[in-house]
Amino acid sequence: MALETGISTLVDEFIAAGRPSVRDKTIAERRAGYIASTVLAGETEQRVDVKDITLEGMQLRVVSPLSSSGNLPAVIYYHGGCFVSGGFDTHDNQLRQLAFYSGCRIIAVRYRLAPEHVYPAAHDDAERAARLIAQHADTLEINPARITLAGDSAGGHLALVTALRLKASSNWQPSQLLLIYPMLDATAHFESYTRNGLDYVVTREMLLTGYDACLTTCNRLHPEASPLWRDDFAGLPPVHIVTAEFDPLCDEGEALFARLTEQGVSCSCQRWLGVIHGFFQLGGISQSARDLMRDVAWRVANRR
């Protein structure tokens, strides 16, 4: 399928600029560029309440529907950014929209970034935040039986690994996982890394340099570096995976669906056509991004 019109313009501009390389940017420039790209997210949703809190040293952003009361279903959300960038500012509008459209409480996690903090810092933060949020469910006014773990890109990776850690320790489990074009295979094994690796803004190089920064002392096939290849998925809660047609990660997201299904996990997967990696944050130029937001909100609100 052809690229969506707004995304096609973005891709054409990227190619016309000579396909700028992330290797020519400092980490600070890379992070600033990610924040600058939020102008493509569309009009900021104002019909929510936003609070930044610290819970036993973990920094969280809690986004709630206006006039909400009682213990609501919740989403623990891990942002993307290839493990080196991203945060509350890059995902502000998505968190706001998800809270508004779902009627649920969204709790975003600030985890440590590479290269300042390498593996397992982000993974440990993701797990610790999930445990703390569940432990403080009443204080946070959330229903502990209806907690979704969700994330995009590197955040989808962290959501999956966190659920596996919780399962291994016989701790609580989320009611479901929502993985939006997750980073799953640090070896870049699949053909979509070649097919979609050069032209579509978020390139093979961008993704792999994120792994380079994060996994300085960790083998690429370590089960928490490349969780796709694990054989211990059985017992996970239901999983929904979003892939994008022109994403270097498209094939591995769909391979995860196959592996989860083979291991007995209830799983669904939807490939969104005409879009690129990161399109969930392009609601200002992409109808698919706006549709995906409503789909994710529906899945959060209706999971029992």
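**Before you start**

This is a predicted model, in which local features need pLDDT of at least 70, side-chain atom pairs count only at pLDDT 80 or more, and totals for chains, interfaces and linings use all residues. Residues are numbered from 1 along each chain as its sequence is written, and side-chain values use heavy atoms, with hydrogens and water left out. Helices (H or I, at least four residues) and strands (E, at least two) are DSSP runs, numbered from the N terminus.

**Stop 1: the sheet**

Show the strands. 8 strands form an open sheet in the order S1-S2-S4-S3-S5-S6-S7-S8, with mixed pairing. Two strands pair if DSSP finds at least two bridges between them. Strand S1 (48-55) and strand S8 (267-276) stand at the edges, each with a single partner strand, so one side of each has no neighbour in the sheet. On average, neighbouring strands of this sheet are turned by 20° against each other, direction ignored. Axes are lines fitted to C-alpha atoms, for helices over the stretch in contact, and angles run from 0 to 180 degrees between N-to-C directions.

**Stop 2: strand S4**

Select residues 105-109, which are strand S4. Here 5 of the 5 residues are buried, so S4 is largely enclosed by the rest of the structure. Buried means under 20% relative accessible area, exposed over 50%, and partly exposed in between (1.4 Å probe, protein chains only). In a regular strand the side chains alternate between the two faces of the sheet. Arg105, Ile107 and Val109 point one way from S4, and Ile106 and Ala108 the other way.

Strand S2 (residues 58-65) runs antiparallel to S4 and is joined to it by 4 bridges. Leucine 60 stands opposite valine 109, and valine 62 stands opposite isoleucine 107. S3 runs parallel to S4, with 5 bridges between them. Tyrosine 77 has alanine 108 in S4 as its bridge partner.

Next show helix H3 (residues 92-102). H3 lies across S1, S2, strand S3 (72-78) and S4, and runs at about 40° to S2.

**Stop 3: arginine 61**

Select arginine 61 in strand S2. Is this residue buried or exposed? Arginine 61 is buried, with a relative accessible area of 10%. Its side chain makes a polar contact of 2.6 Å with the side chain of aspartate 52. A polar contact is a pair of N or O atoms within 3.5 Å; within protein, one must be able to donate a hydrogen and the other to accept it, and residues adjacent in sequence count only if both atoms are side-chain atoms. Not counting residues up to four places away in sequence, arginine 61 also touches others, including Phe88, Asp92 and Leu95. Contact means heavy atoms within 4.5 Å.

**Stop 4: the loops**

Most residues other than glycine have a negative phi, and most peptide bonds are trans. Go to the loop between S4 and helix H4 (121-135), where proline 115 is placed. A cis peptide bond joins alanine 114 and proline 115, with omega about 5°. The bond from tyrosine 119 to proline 120 is cis as well, with omega near 15°.

Then select cysteine 82, in the loop between S3 and H3. Phi of cysteine 82 is positive, near 60°, and the residue is buried, with a relative accessible area of 5%. Glutamate 141, in the loop between helix H5 (137-140) and strand S5 (142-152), has a phi near 60°. Glutamate 141 is partly exposed, at 36% relative accessible area.

**Stop 5**

On a 1 Å grid over the protein atoms alone, a cavity is a set of points where a 1.4 Å probe fits but cannot get out, and a pocket is an open set with protein on both sides within 12 Å along at least five of seven lines; lining residues have an atom within 4 Å of a point. Grid points are joined across faces, edges and corners, and a volume is the space filled by probe spheres set on the points.

The count is 2 cavities of 30 Å³ or more. The largest cavity has a volume of about 40 Å³, and its lining includes Tyr77, His91 and Ala108.

The largest pocket holds about 750 Å³ of space. Of its 29 lining residues, Tyr34, Ser37, Val201, Val202 and Met206 are the closest to its centre.
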